Amino acid sequence: MTTTPFQKASQWIDAENAQDPNIEIHESISHPKELLYSNRMFDRLMDFCPSASEEVQIAAKAQHICRWKIARESYPMDRVGYLRWREELKKFHAKLTAEILEKAGYDQSFIDRVCFLIEKKLLKKDAETQLLEDVICLVFLEYYLEPFVEKHDKEKLKNIILKTWNKMSEKGHQAALKINYSPANLDLIKEALGL
């Protein structure tokens, strides 16, 4: 049985994410949090854009690889600290993924492209970076908006929704409006977007 570089890379990314000590319960089953996120990203990508390149597929799977290893708390708990943390994470995810891809047998230009995507370079200008961002936003809205709703006040939530919306393409917007939200969240989204 031949294992392709893609299969090897996917298995190794999953193996890294399976070590996440943070657990999320989904449909009464416990999952390592980042493994679940990685699977949601990949499934949503293939649903949203079945023709996505192998580079985007891997970037989607590795978007949060081993995210728990750089704690938010290790940076100042303000906007500047948050942005620094996000920048460090992108570099960390890209570096770890590059090591896996090299081991899987990919060439340097493929690896560079995946890193470019994970670091979300040229958003709004590069079609594949935009595709990845759309998928990130769709996964957030479908699975992770609810926990935010429980933590933040309405104005902050409307701001988060608007920022998310502004990062997306028109195709992303159409897909976002088809997600099965709770009635309260759908109202909140419509209010934030002035629909």
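1. Contact here means heavy atoms within 4.5 Å. On that basis, in this predicted model, residues 24 or more positions apart account for 63% of the contacts that have a separation of 6 or more.

2. The secondary structure of the protein consists of nine helices and two strands, and, read from the N terminus, the elements follow the order α-β-β-α-α-α-α-α-α-α-α. The radius of gyration is 17 Å, close to the 16 Å that the globule rule gives for 195 residues, so the protein is as compact as a globular protein of that length.

3. As to overall dimensions and burial, the C-alpha trace spans about 50 × 35 × 35 Å along its principal axes, while 46% of the 195 residues count as buried.

4. One helix pair deserves a separate comment. Two packed helices are described by the angle between their axes and by the distance between those axes. For helix 5 (residues 108–118) and helix 6 (residues 127–151), the angle is about 50° and the axes lie 9 Å apart. Angles under 35 degrees would count as roughly parallel and those from 65 to 115 as roughly perpendicular, and helix 5 and helix 6 are therefore oblique to each other. The crossing in which helix 5 passes helix 6 is right-handed.

5. Turning to the residues at this contact, helix 5 contributes R113, F116, L117 and I118, which meet E128, T129 and L132 of helix 6. By class, the residues of the contact of helix 5 with helix 6 comprise four nonpolar, one polar and two charged.

Technical notes: Residues are numbered from 1 along each chain as its sequence is written. This is a predicted model: local features need pLDDT of at least 70, side-chain atom pairs count only at pLDDT 80 or more; totals for chains, interfaces and linings use all residues. Side-chain values use heavy atoms; hydrogens and water are left out. Axes are lines fitted to C-alpha atoms, for helices over the stretch in contact, and angles run from 0 to 180 degrees between N-to-C directions. Helices (H or I, at least four residues) and strands (E, at least two) are DSSP runs, numbered from the N terminus. Angles under 35 degrees count as roughly parallel, over 145 as roughly antiparallel, 65 to 115 as roughly perpendicular and the rest as oblique. A crossing is left-handed if the near helix is turned anticlockwise from the far one by less than a right angle, and right-handed if clockwise. Ala, Val, Leu, Ile, Met, Phe, Trp, Tyr, Cys and Pro count as nonpolar, Asp, Glu, Lys and Arg as charged, and the others, Gly among them, as polar. The radius of gyration is taken over C-alpha atoms; the globule rule is 2.2 Å times the number of residues to the power 0.38. Buried means under 20% relative accessible area, exposed over 50%, partly exposed in between (1.4 Å probe, protein chains only).
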